[in-house]
Amino acid sequence: MKTNLNDLESFSPLLDARLLYSGEKADLVHLSLKKGESIAKHDNPIDVVFFVKEGNGKLTLNNDTIDITTNDCIPVKTGIQRAMENIAESELKVLVFKIK
């Protein structure tokens, strides 16, 4: 079944997060953060992999903060606290692979 990002609505009232795929073993979310938007630090309940489609930001994993940019791929294990922030003028667009 084909899904088009533009046909989906955000499942979050706080930011643009659209569920592209949900299956038994994985979910795929398209996340778009505008300038200055962020996701507060929270526990990572499952393994995830972030792929930065476009933009620049900061990703905090536990107490370490790294710069992220277009084409970066960052795996994050269960139990790690994470946060994300867009630090650029343009949108930060990230694919989030949630591995169940």
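User: Why is Ser 32 called buried?

Analyst: This is a predicted model, and the values are computed from it. Ser 32 has a relative accessible area of 4%. Buried means under 20%, so Ser 32 is buried. The residue belongs to strand E2, residues 26-33.

User: What makes the link between the side chains of Ser 32 and Glu 91 a polar contact?

Analyst: The two side chains are joined at 2.4 Å, and the cut-off for a pair of N or O atoms is within 3.5 Å. Glu 91 is also among the residues in contact with Ser 32 when neighbours within four places in sequence are left aside; the others are Asp 16, Glu 37, Leu 92 and Lys 93.

User: Why does Leu 20 count as partly exposed?

Analyst: Its relative accessibility is 21%. Buried means under 20% and exposed over 50%, so Leu 20, at 21%, counts as partly exposed. Leu 20 sits in strand E1, residues 16-22. Leaving out residues up to four places away in sequence, it touches Thr 3, Leu 5, Leu 8, Leu 28, His 30 and Leu 95.

User: How much space lies in the largest pocket, and which residues are closest to its centre?

Analyst: The space is about 230 Å³. The lining has 13 residues, and Phe 11, Leu 15, Ala 17, Leu 31 and Ile 39 are the closest to the centre. Strands E2, E3 (38-43) and E9 (92-99) each give two or more residues to this lining.

User: What classes of residue make up the lining of the largest pocket?

Analyst: The lining has 9 nonpolar, 2 polar and 2 charged residues.

Definitions and conventions
Residues numbered from 1 in each chain as written. Predicted model: local features only at pLDDT ≥ 70, side-chain atom pairs only at ≥ 80, totals over all residues. Heavy atoms only, no water. Helix = DSSP H or I, 4+ residues; strand = E, 2+ residues; numbered from the N terminus. Buried < 20%, exposed > 50% of the residue type's maximum accessible area, 1.4 Å probe, protein only. Polar contact = N/O pair within 3.5 Å; in protein donor to acceptor, adjacent residues only side chain to side chain. Contact = heavy atoms within 4.5 Å. 1 Å grid on protein atoms, 1.4 Å probe; cavity = no way out; pocket = protein on both sides within 12 Å on 5 of 7 lines; lining within 4 Å. Points joined across faces, edges and corners; volume = space filled by probe spheres on them. Nonpolar A, V, L, I, M, F, W, Y, C, P; charged D, E, K, R; others polar.
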